Structure formats: structure tokens, C-alpha cells
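The sequence and the structure come first.

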Amino acid sequence: MRIAVIGVGYVGLVTAAGLAETGNIVIGYDIDPQKVNKLSQGKSPIYEPGLDRLLERNLQEGRLSFTNQLAEAITHAELIFLALPTPSGTEGEADLSFVFQAADSIAANLCQIAEKEGILFPRIIVSKSTVPVGTARRLQRFFDERLPNQIYVASNPEFLREGYAVEDFLKPDRVVIGAVHPPVLEKMRQLYLPYTRQGNPIYLMDWESAELTKYAANAFLAVRISFMNELARLCEQVGANIDWVRLGMGADNRIGRRYLFAGVGYGGSCFPKDTRALAATARQYNLSLSLVEATIQINHLQRKYFWEKVQTYYRGNLRGRTLAVWGVAFKPDTDDIREAPALDILQWLLTEGATVRVFDPVALPNLQKQYPEWPLYYAPSAYEAAREAEGLLILTEWGEFRQPDWDTLKQNLKLPVIFDGRNLYDPKEMEKIGIDYISVGRAPVYAYSSHAPSS
Ligand SMILES: NC(=O)c1ccc[n+]([C@@H]2O[C@H](COP(=O)([O-])OP(=O)(O)OC[C@H]3O[C@@H](n4cnc5c(N)ncnc54)[C@H](O)[C@@H]3O)[C@@H](O)[C@H]2O)c1
């Protein structure tokens, strides 16, 4: 099939490369000329395991190309995927302006292409952006007014996880397609057949159900995380260990093991904005999704709760202290820092007058680009970040942080204390090594100092 992908960010780029991988001819279009330039040279503007090879192969085979000319992307496309941002609006609702601006340009260009070049055939506009219930219907009306009987809208929410995006796209757990016209549903099903050969389901449904499925999935995962974070606070009070509780719960098949890790809270470009948008949709219908509202609130508090542990340890005096931070990305294996807990914590450290030495395996360029005014020391390695620091905060569970060389780390740290927002280490081990260790939902270890919080 001939396909255009509008917006080649995290989702659009993986979608474009993933669709080319099964033989489709795909053109990716983006308004960012630098991105298009880089991509045309075979360089990925984002860090995503496996993406470079996928890009290289499909560019070389001539199945994948990129352009900043919308007309070039869509002239011959039977399917036009929208992978545009849907950020939070002022009341938490999804801001659809990117989607409708792009729809407007697509409609205008398709009219011109039909008039000037006589190229006119039915096309499917596929929404991959996470959009509130009712958007596909709105898009259909929008196109019907401008190009009657030529455009069919399909909702095809994306469930990929950053860090595993290529794998998730090529072998999805399930594919969800919402559309009205049976031939559209069938065409979309055909498109995804090569990705579901192992028997994973392709669910064909109506627009509204498809749109809501995406929000429901993200909100439910966020609920699990917030549940565990709230429970972790109780664990600390009653002397329980959240890790044991998690293991004991998660072994129950009805519950499952994933998304049960307590920590410094979730971040990223999806859970925070999607939970807000779902709650906002409910409010528009005079409903309150109180579980989702609570999830958002707990997540917000969790960062503060972690931060208070840091402040308490230093008795509220961070001015002039040097602290190390490991991990900025909102999760490992991505350079995405959108709404990452680290952003709040870094800002609070700087506001309190601390000197901060920060390390992340891939996300530092994004941090520097987004917050050039922050006076941070960008360390070339984890151990360099720790040098002469009076404490280390771990905010992303990168694999390389899991088994540090304790001798080197202890030598580098001026004060051996770790605040672990991701529960990477065993408190008993920390006791043996002689490190003060403050984690989440587990008893603190004061092995180095008798530094129990001041009363
Ligand atoms: N990132 C994820 O893990 C993920 C997962 C599932 C769904 N989603 C959803 O997918 C959508 C896209 O998310 P993302 O993370 O890829 O965003 P992104 O910001 O990484 O990418 C969006 C791209 O769209 C481009 N763009 C903006 N306006 C444009 C226009 N008018 N024409 C062409 N290009 C334009 C931007 O330059 C950017 O490259 C969002 O709705 C998001 O909620 C994201």
C-alpha cells in the first residue's frame, strides 16, 4: 500500500519505518525541516533501540522516504496516518489544534491535487494520535465538508512503549481499529495482518470505542502505579516492604506482575496527559472519574514525597551542597524527558541552592536543549556525576545503574548516601556496603551515618 505518515516524532517515525518493513511504500512528512533533513540522511532524531537499523534498511530499499512537502507525501497515498501531538490544554483536555491544523492542510492539498493533477481517489485518514472520544467523528465531518465522499476516517490508537517501540510496533499485543465503513475496516485489517501472524488479535470496532480503549489502557496502567505508590507510603509506616508486597500480589494471575513498581511516580508524554484528558472528557459529560483523578493526584504527591525525604536527610539545608542525579529520561531506553519526575526534582534542587552533577546515558542533550538556563554539570559518566557529591539521587532505572562498582562509587561520593526513586538495590546489601540508603516503600538504611531524620 502507499502510505503517508504526517508527523514523524516518536510514534510517527516508528510507524513509518514499521509500515515500510512489510513492503509498503511510505513517505513521512514533518513540519520540522531539521528532523526531515536528518531522517533523509538515515539518522534518527530520537533514541529508540532497533530503530536505526529499521530506518537504514527501508531507506536503502527505497520503501521509506521523508519530505517537508505535504503534497509530495500525500499525492499518491491511499492511507494517510496522523501521528501529531495532542498535548494537554489549560483544563487538562487534549489540545487538538495540531491535528486539525494538519487536517486543514491535508484537505487543502488534496483539493489542489485533484484540481491540478486530476488525481482523485478515496483515501483513508488514520488517526494514530491519542485523541478524545468524538474526534474521529469530528474529523469525518471536517473532511466531508471539504472533500465529500472521498475521505474515510479510521481510528487506530497506538499502544507502543518507548524503549520497546520497534518491537511493539512489529509484534503488537493487539491492534485496535475503529471505523464505520466495512471496506475501511477490511483494508486496515489487511494492513496489519503481517504484524499479527502469531495470532495476536486485530479488534475491529466503532470510532468511539477505539478512541476510549487507548485512554482506558493508559489510565489503568497509571492507576496501578499510583496504587502501589500510595501503598508504599503505608509500607513505610507499618514496617512492610513494598517489594515483597508487589511480588506476593503480582504472582496472582488475576493481577499480573507488570506496572506494579513503586517509585518516584510516572512521567512521560502519555500517562500524565492521557489521564488528565480522560478525566477532562468525563467532566464534559458531568461525570467524575474519581479513580483517575486520585491517580493523578497521588502521582503528583509522589514526587514531593520523595523530595521531602531528601530535604529531611539534609535537615532542610541543601544550599552549597553538591548532589548527583542519575537518570533524567522518564524511563530507561529512551531520550524522552517529557514530564519526567527528574525535571521537577532538578528544579527543586537548584531552587534550594544545591550544585547538581547530572548523568543520563542518552537524555542529556534533550535536557540541555530544553533547559539551557539551568546551571547543571553534565557528567560524561555515572561515576563522574558522583564525584565529590554529598548524595546521589536515582530517578531513572537504566540498566547500567543496577550493578555499579560499589568501591568506585563509594570512593567518588563525598558522603555515601543514595536516594533511590526506583528501588534498584537491596537495602540489606546497602547496609553491608555501608551506604545510607533511602528508597520507596522500604525501611531506610542508615549504615554510614546515624543520620536518622532530625526530629
Ligand atoms: N510517545 C509515545 O510513547 C506514544 C505512544 C502512543 C501514542 N502516542 C500518541 O501519539 C501522538 C504523537 O506522539 P509523539 O510522542 O510521537 O509526539 P512527538 O512530539 O514526538 O511527534 C509529533 C511530530 O509531529 C510534528 N508535527 C507537528 N505539527 C505538524 C504538522 N502540522 N504537520 C506535520 N508534522 C507536524 C512534530 O514536528 C513532531 O515531529 C500523541 O497523540 C501521543 O499521545 C504517543
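For helix packing, an axis is a line fitted to C-alpha atoms over the stretch in contact, and angles between N-to-C directions run from 0 to 180 degrees. The model discussed here is predicted.

**Helix contact**

Helix α6 (residues 135-146) packs with helix α9 (residues 207-238) at an angle of about 135 degrees, and their axes lie 8 Å apart. Because angles of 65 to 115 degrees count as roughly perpendicular and those over 145 as roughly antiparallel, α6 is oblique to α9. On the α6 side the contact involves T135, A136, R137 and Q140, and on the α9 side W207, E208 and E211. By class, these contact residues of α6 and α9 are two nonpolar, two polar and three charged.

**Domains**

The domain assignment divides the protein chain into domain 1 (2-205) and domain 2 (207-455). Taken over C-alpha atoms, the centres of domain 1 and domain 2 are separated by 33 Å. Across the boundary, 37 residues of domain 1 are in contact with 32 residues of domain 2.

**Nonpolar cores**

The largest nonpolar core contains 66 residues, and W326, L349, L367 and Y425 have the most contacts inside it. Helix α13 (residues 341-351) supplies the largest share of this core, six residues. Another core, of 39 residues, lies apart from it and includes V8, F81, M188 and I202. As for L367, its contacts, not counting residues up to four places away in sequence, are V328, I337, L343, L346, V358, W374, L376 and Y378.

**Loop residues**

Most residues other than glycine have a negative phi. N286 is placed in the loop between α11 (271-284) and α12 (290-313), while E339 lies in the loop between β9 (322-326) and α13. A further loop residue, G434, is found between α17 (427-433) and β14 (436-438).

| Residue | Relative accessibility | Class |
|---|---|---|
| G434 | 15% | buried |
| E339 | 32% | partly exposed |
| N286 | 73% | exposed |

Which residues does G434 contact, leaving aside its neighbours within four places in sequence? They are K410, P416, A447 and Y448. G434 and Y446 are 12 residues apart in sequence, and their C-alpha atoms are 8.2 Å apart in space.

Terms used: Residues numbered from 1 in each chain as written. Predicted model: local features only at pLDDT ≥ 70, side-chain atom pairs only at ≥ 80, totals over all residues. Heavy atoms only, no water. Helix = DSSP H or I, 4+ residues; strand = E, 2+ residues; numbered from the N terminus. Parallel < 35°, antiparallel > 145°, perpendicular 65-115°, else oblique. Contact = heavy atoms within 4.5 Å. Nonpolar A, V, L, I, M, F, W, Y, C, P; charged D, E, K, R; others polar. Buried < 20%, exposed > 50% of the residue type's maximum accessible area, 1.4 Å probe, protein only. Core = buried A, V, L, I, M, F, W, Y, C linked by side-chain atoms within 4.5 Å. Domains from an automatic or database assignment.
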